[in-house]
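Here is a friendly walk through one protein model, written for someone who likes to think at the level of residues. Have the structure open beside you as you read.

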Amino acid sequence: MKILVTGGSGLLGQYLNISLSKKNEILTLYHSNAGNCTRHNFVRGNIIDEKFTRGVFESFQPQIVIHTAAITNPILNGQYNLEDYERVNVTATELIAQQCENFKSKLIYTSTDLVYSGNEGSMLKEDALLQPISVYAETKLKGETKIKETFDNYLILRTALLFGFGLNHSRSFFDRMFDSLSQNIPINLFIDQFRTPLSLIEAARMISEIVELDIKSETINFAGLNRIDRFELGELLCETAGYNKNLLNKISMKEIPNYPQVKDVSLNTDKLQSFGIKSKSIEESLMEIISERRKS
């Protein structure tokens, strides 16, 4: 298939480039850092620019578009303002959806588990209360709405916390945690936020399976199997890689200035599994991540 990937140099995008290119013809887009995009068929540009985006669709004629490009920081830190989030996460998403409608492309949109209320219990289903409390989550939910208002040939993947090693310039909390532990440096990890983390390797593999399915107009929780906090994830990493658990310090989200207080957005993935898509356990994923790291 012909698959267009936006955010191709991002944390997930670079893994998608590798996974999807094995069986498909891909075109991957990036805006600033190239990452591994230049190892594939790529175009550099700004998806906010309607002329650029329309030109990409006209020339490539994608059958499927995987839209991962977004501003993802949950905290306003001065790098981006509210208008930036709106332009990238909402306006650009609507533009992508419109082009998908025009060119009869299916859209797979990576949203976030943070659109849910964090106070409604655990292992949330897709019909759980939506109550985003960060500008990131708010604008991702607006993006979902724009897609649904535009056409029906879409899949919305409400994506859990992704973990694993960032490729090239991209970095995640997992990189920081691993680097600290490998250098015997203490690391602070939350004990009061629960999610169902999914490894980057697994996320790319599962999306590569999803593109082959004939489903549309669905919103699906896209997550791992285990409800866990970051401290527990750190403990599992120590067990897997042989690091010192005494380096792990328990902290609360409340100790992080301006951090959105989302207590529990662990996700029920029965719907995802009903389509034949299932992730490995978090222990299996960690073993795979560490094994791949040691090979490189």
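## A polar link at glutamate 212

The side chains of glutamate 212 and lysine 23 are joined by a polar contact of 2.8 Å. A polar contact here is a pair of N or O atoms within 3.5 Å; within protein, one must be able to donate a hydrogen and the other to accept it, and residues adjacent in sequence count only if both atoms are side-chain atoms. Glutamate 212 sits in the loop between helix H6 (200-210) and strand S10 (218-222). Helices (H or I, at least four residues) and strands (E, at least two) are DSSP runs, numbered from the N terminus.

Leaving out residues up to four places away in sequence, glutamate 212 touches Met1 and Lys23, where contact means heavy atoms within 4.5 Å. Now look from glutamate 212 to leucine 247: they are 35 residues apart along the chain, and their C-alpha atoms are separated by 43 Å.

## What kind of model this is

This is a predicted model, in which local features need pLDDT of at least 70 and side-chain atom pairs count only at pLDDT 80 or more, while totals for chains, interfaces and linings use all residues. Residues are numbered from 1 along each chain as its sequence is written, and side-chain values use heavy atoms, with hydrogens and water left out.

## The overall fold

The protein has nine helices and eleven strands. Its radius of gyration is 18 Å, close to the 19 Å that the globule rule gives for 296 residues, so the protein is as compact as a globular protein of that length. That radius is taken over C-alpha atoms, and the globule rule is 2.2 Å times the number of residues to the power 0.38. Along the principal axes, the C-alpha atoms fill a box of roughly 55 × 40 × 40 Å.

Of the 296 residues, 55% count as buried. Buried means under 20% relative accessible area, exposed means over 50%, and partly exposed lies in between (1.4 Å probe, protein chains only). Among contacts with a separation of 6 or more, 75% come from residues 24 or more positions apart.

## Around asparagine 24

Asparagine 24 lies in the loop between helix H1 (11-20) and strand S2 (25-30), and its relative accessible area of 16% makes it buried.

Isoleucine 26, found in strand S2, is buried at 5% relative accessibility. With neighbours within four places in sequence left aside, its contacts include Ile3, Leu20, His40 and Phe60. Isoleucine 26 and phenylalanine 60 are 34 residues apart in sequence, yet 9.2 Å apart in space, C-alpha to C-alpha.

## Two residues of helix H5

Is phenylalanine 174 buried or exposed? Phenylalanine 174 belongs to helix H5 and is buried, with a relative accessible area of 0%. Apart from neighbours within four places in sequence, phenylalanine 174 contacts Phe163, Gly164, Phe165, Leu237, Leu286 and Ile289. Phenylalanine 174 and leucine 233 are 59 residues apart in sequence and 9.4 Å apart in space, C-alpha to C-alpha.

Serine 180 is also in helix H5 (residues 173-182). Serine 180 is buried, at 14% relative accessible area, and touches Ile185, Pro186 and Ile187, not counting residues up to four places away in sequence.

## Two positive phi angles

Most residues other than glycine have a negative phi. Lysine 104 has a positive phi of about 60 degrees although it is not a glycine. Lysine 104 is in the loop between helix H3 (82-103) and strand S5 (106-112), and counts as exposed at 63% relative accessibility.

Serine 217 is a residue other than glycine with a positive phi, near 55 degrees. Its place is in the loop between H6 and S10, and at 34% relative accessibility serine 217 counts as partly exposed. Glutamate 212, where this tour began, is in the loop between H6 and S10 too.
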